[in-house]
Amino acid sequence: MWTIWVHGFSNYLACGQDSLSSDSIPMATSILSHQSSRPFPTACASPGPTSAAVSLRRHLPPPPRPRKLALYLKHSNRFKWAIQSSLAEQSTPKTFDMQQVVGFLYDDLPHLFDDQGIDKTAYDERVFFRDPITRHDNLSGYLFNIALLKTLFKPQFQLHWVKPTGAYEITTRWTMVMKFSLLPWKPELIFTGTSVMGINPENGKFCSHVDFWDSIQKNDYFSLEGLLDVIRQLRIYKTPELESPKYQVLKRTANYEVRQYDPFIVVETNGDKLSGSTGFNDVAGYIFGKNSTKEKIPMTTPVFTQTNDANLSKVSIQIVLPLDKETESLPSPNQETVHLRKHEGGIAAVMKFSGKPTEDIVCEKEKILRSSIIKDGLKPQLGCLLARYNDPGRTWTFIMRNEVLIWLNDFSLD
């Protein structure tokens with residue numbers, strides 16, 4: 001992942017400030033509470049005690065005596081770094097417009113991996129970055145990491161929103177899709193999550209950047225769970241080089257993706273079951289020229305089977321039509337049982353799996369997916385779709401790409 005960590009508190013020693021002199025304490029400390037994977041909202045430096053710092057004290061051990069402070073910081077696994085700032089000589093913080101900073105990030109972050117790049121002057125030279133498997137403690141390390149990712153993965157970065165979440169803190173939500181070009185099958189890696197960015201009130205620059213992935217629970221560096229999440233995404237899925245419905249991944253959890261689908265048109269007829277092929281020859285015949293104008297229409301992927309009832313019993317089989325087609329311009333089917341229909345798109349939870357999609361397997365995947373999204377507080381619609389991307393007669397079973405989709409109601413990307 002492209003960012004690495006830290007989020008600090010300059011006022012941790014404020015609780016012992018009365019007993020410590022400026023001569024004996026040359027620096028303020030910055031701390032991550034070991035009881036939370038998310039840093040407390042704070043600035044990288046601060047002129048005095050804040051409510052966040054007061055809250056933090058409840059989670060921390062008593063401060064060390066002054067003469068043992070350096071040794072304590074050096075040997076404690078909980079205290080990763082100290083901000084160079086005298087308690088006695090701290091200056092009045094710089095005032096700046098947080099909404100202006102939000103606007104800057106909306107303009108700047110989309111250039112993270114393009115030729116323009118981000119504006120590095122907006123970052124402190126000692127900025128500390130962290131994600132679950134990578135970290136750097138200066139700007140040059142961060143910029144090197146971006147360049148490396150750009151070379152190996154050619155990432156596509158999508159910024160969803162930016163908003164202030166503290167006095168000197170801004171949080172962003174994003175999606176990053178990458179292809180690992182060093183492997184012959186060029187696997188697609190998807191990460192979604194949030195970044196918590198701390199601002200140095202002394203100069204208004206970003207001084208900390210912490211990434212949290214939606215797909216794992218333990219986001220602290222170094223996260224074995226995070227490494228395994230990367231490795232799992234390197235497996236082979238065979239996706240034909242054919243046109244398919246357009247979608248954007250909004251969120252990726254450990255078990256499923258939440259996608260925003262654009263509208264698309266299908267030709268459909270009645271089927272017998274989710275994993276069945278009854279009716280396929282009729283809809284395939286339509287695109288091969290069995291229509292009112294005998295027009296041959298390019299093949300697409302996937303083939304959908306859909307049911308809209310709780311028992312998964314009333315099934316239709318569908319082929320997606322090219323995205324540049326409009327319903328009014330398409331020829332009419334020759335068969336009365338074959339119909340054209342426009343999907344308006346929407347938001348769906350999607351579980352991907354390989355192997356032969358038998359009826360028992362598909363129904364089991366649907367139950368697991370529905371249970372997962374309900375547990376996560378989402379609102380699933382009745383029924384589901386099975387998406388089959390491969391010709392079963394020409395594809396090895398273990399690399400087949402299959403997906404179960406369930407449409408969602410009232411999804412909000414918080």
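Helices and strands here are DSSP runs, numbered from the N terminus. With that settled, let's work through some exercises on this predicted model.

**Exercise 1. Get an overview: how many helices and strands does the protein chain have, and what share of its residues is buried?**

Solution. Start with the elements: the chain holds seven helices and 18 strands. Next, look at burial: of the 414 residues, 50% are buried. Then turn to the contacts between residues at least 6 apart in sequence: 70% of them join residues at least 24 apart.

**Exercise 2. Which residues of helix α6 are buried, and which strands do they pack against?**

Solution. First locate α6, which spans residues 280–287. Its buried residues are Val 283, Ala 284, Gly 285, Tyr 286 and Ile 287. Now find their partners: these buried residues pack against β11 (264–270), β13 and β14. Then step just past the helix, where Gly 289 takes a positive phi of about 120°.

**Exercise 3. Lys 294 and Leu 312 each have a positive phi although neither is a glycine. Is each one buried or exposed?**

Solution. Begin with Lys 294, whose phi is about 55°. Lys 294 lies in the loop between α6 and β12. Exposed means over 50% relative accessible area, so Lys 294, at 69%, counts as exposed. Now try Leu 312, which has a phi of about 55° and is found in the loop between β12 and β13. The cut-off for buried is under 20%, so Leu 312, at 12%, is buried.

**Exercise 4. Which residues gather in a patch of negative charge on the surface?**

Solution. The members are Glu 243, Asp 324, Glu 326 and Glu 328. Pick out Glu 326, in the loop between β13 (315–320) and β14 (339–343). Patch residues need over 30% relative accessible area; Glu 326 has 43% and is partly exposed.

Notes: Residues numbered from 1 in each chain as written. Predicted model: local features only at pLDDT ≥ 70, side-chain atom pairs only at ≥ 80, totals over all residues. Heavy atoms only, no water. Patch = residues over 30% accessible without salt bridge, like charges linked within 9 Å, V, L, I, M, F, W, Y side chains within 5 Å. Areas by Shrake-Rupley, 256 points an atom, 1.4 Å probe, with all protein chains shown as cover. Salt bridge = Lys/Arg side-chain N within 4 Å of Asp/Glu carboxyl O. Lys, Arg positive; Asp, Glu negative; His and termini not counted. Charge placed at Lys NZ, Arg CZ, Asp CG, Glu CD. Helix = DSSP H or I, 4+ residues; strand = E, 2+ residues; numbered from the N terminus. Buried < 20%, exposed > 50% of the residue type's maximum accessible area, 1.4 Å probe, protein only. Contact = heavy atoms within 4.5 Å.
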